[in-house]
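Hello,

Here is the structure I promised to pass on. Please open it first, then read my notes beside it.

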Amino acid sequence: MAYAFAYSSPDPNDGRFDNLDEIETSQETSGEKSEKSVQQHQNDDELTGIVRKTTGKDRYVAQNADVTGSDIKDIKQLFGVRLKPMKKDVQTEKTDFKSFLFGPRKKTAHPHSQPKIKYQQPDKVSTVDPDPNASYPNNFVLKLRSGKTRHQRGYHESVKPLPHDAPKKENHTRFVCVSDTHNEHDNINIPDGDVLLHCGDFTLAGKMHEITDFNRWLGEIPFERKIVIAGNHELSFDPKIMEGVKIAKEKKGYSRWGSYLEPILDKDYKSVSSHLTNCTYLEDSGETINGIRIWGSPWQPEFGGWGFNVPRGREILKKWDLIPGNGIDILMTHGPPAGHGDKVQSGMSVGCVDLLNSVQLRVQPKYHLFGHIHEDYGITTDNFTTYINCSSVNYQYQPVHKAIIFDLPNKVL
Ligand SMILES: [Zn+2]
């Protein structure tokens, strides 16, 4: 009679045996004797191809084993294997071999091949607590994409952009999103749409001639509405920066941005944004268009002492707490949240942890637009909010990224 055999395994149904043709287990007792015996069996006609020893480790492979007579005793001794009578046709029906040996396979998922679980949007909270990982966005993102939190918070999934010539449905508003144009606005191909949204960094240093040229361009493009926020490069829009320049000038001291911004001091430096006459400028403020609610915020986690820099943690969370939690459809920030469109050249995530928490747990907008990290342009989703990094320029400040469009149904007809 033929016998099938396999070696003992802590739990043969644990899903580790994916290849039914070949079963690989550990042989716990090793030593000279067993190695010799294996060699012997490999030379035996009846056992050729049945027992193989893998090099270096005490591991053995059983392949659709079929042994007879006195070999059974040897194999039992050698490996302490379980032997079961084998049906005649088992050798040819390889797919049944495993269940023949171990019984029906339990339907447990392989730990490394878990099915994708769609992000379940959590119940809205009214306040977001400061995150203990606020200062370590990359660690936060790695944690978010592994273990249990992965299912609770969703994960980065790319989304294809809508083609610029896609037809627009009736009673919808088409939004055209750009960001980080950095004085290259004339070199960017802007598709048709109803509302232009610009997420900041339209200048290089917030100098007056940069602002007026951008405003001239805004006046030339045919949109019903244009919404603009500032970014870290709009230095003159940040009152803290302008105060610093003013104090340095008065005391005849040094100011890093003095050479760029001193001329603005002679104008009304406290309301530089008033020079943007051809758009609606948002700064911790909102606007409603066709019933669709939009909120704009220029802040980003501190980096390099630029405009609208705020330390990570409690301080920046205070800025996100200004975003209303009751039905914002489109959130515009200059910087990205952690985990979406926030990877720098090195592959590290640098986005704001508290911003992601506020977006996912409290604000829950349909769209979150931003720029700032030029090199991670594109669209992602957590299956509820769509995240758009619409940086128009790339890492080298070349205007190569297309504007991104999307449509939303009007809430007032
Ligand atoms: Zn930029």
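One definition to start: a residue is buried under 20% relative accessible area, exposed over 50%, and partly exposed in between (1.4 Å probe, protein chains only). By that scale Arg216 is partly exposed, at 30% relative accessible area.

Some ground rules. This is a predicted model, in which local features need pLDDT of at least 70, side-chain atom pairs count only at pLDDT 80 or more, and totals for chains, interfaces and linings use all residues. Residues are numbered from 1 along each chain as its sequence is written, and side-chain values use heavy atoms, with hydrogens and water left out.

**Salt bridges**

A salt bridge here is a side-chain nitrogen of Lys or Arg within 4 Å of a carboxyl oxygen of Asp or Glu. Side chains of opposite charge can pair when their charged atoms come close. The rule gives 9 salt bridges.

Start with Arg216 again. Its side chain meets that of Glu220 in a salt bridge, 3.0 Å from N to O. Both sit in helix α6 (residues 208-220). Helices are DSSP runs of H or I with at least four residues, strands are runs of E with at least two, and both are numbered from the N terminus. Arg216 and Glu220 are separated by about one helical turn, because they are 4 residues apart in that helix. The pair belongs to a network of salt bridges that links Asp186, Asp213, Arg216 and Glu220.

Next, look at Asp407 and Arg174. Their closest N and O atoms are 2.7 Å apart.

Lys411 and Asp329 form another salt bridge, with 2.7 Å between the closest N and O atoms. Lys411 lies in the segment after β19, and Asp329 in the loop between α9 (314-320) and β15 (330-333), 82 residues apart. Lys411 is partly exposed at 49%, whereas Asp329 is buried at 2%.

**Zinc site**

Which protein residues are donors of the zinc ion? They are Asp180 (OD), His182 (NE2), Asp201 (OD) and His374 (NE2), at 2.1 to 2.3 Å from the ion. Donors are N, O and S atoms within 2.8 Å of the metal (3.2 Å for Na, K and Ca); water is not among the atoms, so sites may look incomplete.

The site is irregular, with angles of 88 to 175° among its 4 donor atoms. Four donors count as tetrahedral if all angles lie between 85 and 135 degrees; four count as square planar and six as octahedral if opposite donors are over 155 degrees apart and all others between 65 and 115; anything else is irregular.

The donor spacing in sequence is D-x1-H-x18-D-x172-H. Asp180 sits in the loop between β7 (172-178) and β8 (195-198), and His374 in the loop between β16 (367-370) and β17 (378-381), 194 residues apart. Asp180 is buried at 0%. His374 is buried at 5%.

**Aromatic rings**

Rings of Phe, Tyr and Trp (its six-membered ring) pair if their centres lie within 6.5 Å; planes under 30 degrees apart are stacked, over 60 edge-to-face, and the rest tilted. The whole structure holds 7 aromatic pairs. One of them is Trp299 with Phe308, edge-to-face, at 5.2 Å centre to centre and 80° between the planes. Phe202, Phe214, Trp217, Phe237 and Tyr281 form one aromatic cluster.

Best wishes
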